[in-house]
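Biologist: I have a structure open and would like to go through it with you. Can we start with the overall picture and then look at a few residues?

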Amino acid sequence: MAMIARAALGVLFGCVLAVGARAQDLTIARAAAPSTADPHYHNLGPNNAQARHIFDRLVDSDEKQRPIPGLATSWRALDENVWEFKLRPGVKFHDGTPFTADDVVFSFERAGNVPNSPSSFGLYTKGKTVTKVDDHTVRIATAAPYPLMVNEVATISIVSKKLAEGASTEDYNAGRAAIGTGPFRLVEFKSGEHTLLEANGDYWGPKPIWRKVALKPIVSGPSRVAALLAGDVDLIEEAPTTDIAHLKKDPKINVSQGLSNRVIYLHMDHQNDNSPFITDKAGKPLARNPLKDLRVRKAISKAINREGIVARVMEGVAVPAGQFLAEGFFGHSPDPRLAPEKFDLEGAKKLLADAGYPNGFAMTIHGPSGRYINDAKILEAIAPMLTRVGIDTKVEVFPFNVFISRATKLEFSFFLVGWGSGTGEVSSPLRSLVGTYDKDTGRGASNRGRYSNPAVDKLLDEALATIDDGKREKLLQQAVELSILDLGIIPLHYQVNSWAAKKGLRYAVRTDEATLAMSVERE
């Protein structure tokens with residue numbers, strides 16, 4: 001009987017995908033396909049957004065990534081090294097199994113130890129010991145004070161110990177183990193094709209307004225727009241910048257936009273004396289790496305017309321950046337010196353001359369194509385800007401998997417990347433992008449330019465051992481100021497997220513870029 005019911009639901013959802021959603025059903029076009037239904041297998045944006053429909057976390061986050069109660073109703077630090085979480089009573093998994101502290105302990109043990117994980121959640125579970133106090137209380141201990149406990153706990157999906165013990169990722173993909181406490185139940189996951197969900201009528205939180213949801217990956221931006229205009233889908237994420245103005249004028253479409261937690265920035269070789277893609281204008285290696293000179297980095301920053309890039313390349317759908325996170329995020333510095341660098345052609349030329357490069361030099365700038373909004377176009381805009389001040393610049397782009405592999409091997413001199421703060425605060429980019437590289441601690445994991453500043457490291461260490469939010473934020477702001485004024489990276493702009501929906505629907509925008517059926521509202 002169960003198999004027949006599941007098959008019937010599959011047919012019904014197939015009709016929804018083919019002819020568009022009815023009033024109580026919703027079809028969402030995703031810009032990328034999730035790789036799994038296992039919430040612990042691969043720490044990847046599309047996977048995490050999908051998982052939030054099916055699984056809950058101890059701590060949830062609102063549209064601005066501020067922590068709010070989830071499966072934990074409250075939490076507190078018992079002392080500097082131990083946090084206690086009170087669990088929500090009366091919650092049941094989709095199969096009727098009661099949710100208890102045993103599921104929490106099991107989930108944290110599993111999350112960092114899934115076989116063959118390409119990007120492990122161990123980043124968030126390492127160093128944490130989770131113990132059961134009673135059925136509705138857990139404590140999480142660390143060896144040292146850890147103020148980011150709540151932020152990191154909010155990344156771990158809670159699964160059923162009864163169902164998941166011994167279950168493989170394939171068991172989740174097949175639906176056998178993908179049973180959570182979330183607002184929707186998984187009906188079918190078909191990699192690269194669709195994820196089909198149905199409302200959990202027994203959900204402990206606000207009841208879903210959608211009876212059935214289909215998540216359908218459509219990687220091509222123009223194809224997503226075409227599907228929306230044809231009525232085949234109800235909502236699309238990552239509306240292309242080239243189409244936004246037209247979509248806003250369409251009376252049958254609602255566009256929702258909001259500032260992202262993602263900064264697009266330039267990383268550079270701070271380590272090598274002879275950088276691989278920097279030469280004189282005749283193509284000969286230079287005696288020293290000019291990027292190690294702050295005056296040169298400053299000249300490059302001044303040579304870039306951020307407002308021009310935002311206006312022309314991003315078609316107004318971005319905000320010029322001067323630091324890691326925009327105003328309103330925890331750790332953003334109010335220091336006016338960190339305002340976005342103003343375009344100053346003559347100032348850039350003078351700085352290059354002062355640094356000993358009056359005639360400039362030659363350089364190749366690298367980046368991905370198709371990973372960030374208009375990434376290749378941004379690179380093509382930056383190259384002539386640098387060439388105008390004497391830095392003859394060529395552009396090379398690669399598919400993201402090729403680019404990031406080479407960047408991780410430190411093969412590039414100067415390159416474009418993006419970073420979204422998964423924790424919603426500034427210690428995330430500080431630790432990863434400008435913290436001195438340390439394989440053992442994970443510090444500097446994405447510091448592919450090997451920038452190192454002991455003063456920044458010291459402030460960051462002190463901040464990450466400070467429980468008091470006010471004191472910690474001041475320490476983080478100081479670390480931001482030091483690293484940005486030293487141009488450990490060169491910020492360009494903050495992305496703006498754009499969703500488009502058919503008339504009658506609107507998306508409640510989120511800074512974390514997640515597309516959730518729970519955030520789709522009827523007007």
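Modeller: Fine. Keep in mind that this is a predicted model. Among contacts between residues at least 6 apart in sequence, 68% join residues at least 24 apart.

Biologist: How many helices and strands does the protein have?

Modeller: There are 17 helices and 20 strands. The radius of gyration is 24 Å, close to the 24 Å from the globule rule for 523 residues, so the protein is as compact as a globular protein of that length.

Biologist: What does the C-alpha trace span along its principal axes?

Modeller: About 80 × 55 × 40 Å.

Biologist: And what share of the residues is buried?

Modeller: Buried residues are 56% of the 523. The accessible surface comes to about 21700 Å², and carbon and sulfur atoms account for 53% of that.

Biologist: How many positive and negative side chains are there?

Modeller: 64 positive and 61 negative, with the centres of the two sets 3 Å apart.

Biologist: Change of topic. Where is His 267, and is it buried or exposed?

Modeller: His 267 sits in strand S12, residues 253-268. With a relative accessible area of 1%, His 267 is under the 20% cut-off, so it counts as buried.

Biologist: What does His 267 touch?

Modeller: Leaving out residues up to four places away in sequence, its contacts include Phe 414, Phe 415, Leu 433, Arg 448 and Ile 489.

Biologist: Now helix H14. Which of its residues are buried?

Modeller: Phe 403, Ile 404 and Ala 407, in a helix that runs over residues 400-408. They cover an arc of only 90° around the axis, which puts them on the same side of H14.

Biologist: What do those buried residues pack against?

Modeller: Three strands: S15 (361-368), S16 (391-398) and S17 (414-420).

Biologist: What comes just after the helix?

Modeller: Leu 410, which takes a positive phi of about 60° just after H14.

Biologist: Back to S15, then. Is Ala 362 buried or exposed?

Modeller: Ala 362 lies in strand S15. Its relative accessibility is 16%, and the cut-off for buried is under 20%, so Ala 362 counts as buried.

Biologist: How far apart are Ala 362 and Ile 404?

Modeller: C-alpha to C-alpha, 23 Å in space, and 42 residues in sequence.

Biologist: So what is Ala 362 in contact with?

Modeller: Beyond its neighbours within four places in sequence, Ala 362 contacts Phe 277, Ile 278, Thr 279, Asp 280, Lys 281 and Asp 392.

Notes
Residues are numbered from 1 along each chain as its sequence is written. This is a predicted model: local features need pLDDT of at least 70, side-chain atom pairs count only at pLDDT 80 or more; totals for chains, interfaces and linings use all residues. Side-chain values use heavy atoms; hydrogens and water are left out. Helices (H or I, at least four residues) and strands (E, at least two) are DSSP runs, numbered from the N terminus. The radius of gyration is taken over C-alpha atoms; the globule rule is 2.2 Å times the number of residues to the power 0.38. Buried means under 20% relative accessible area, exposed over 50%, partly exposed in between (1.4 Å probe, protein chains only). Contact means heavy atoms within 4.5 Å. Accessible areas come from the Shrake-Rupley method with a 1.4 Å probe; for residues, only the protein chains shown count as cover. Lys and Arg count as positive and Asp and Glu as negative; His and the chain ends are not counted. The place of a charge is taken as NZ of Lys, CZ of Arg, CG of Asp or CD of Glu. The arc is that of the directions from the helix axis to the C-beta atoms.
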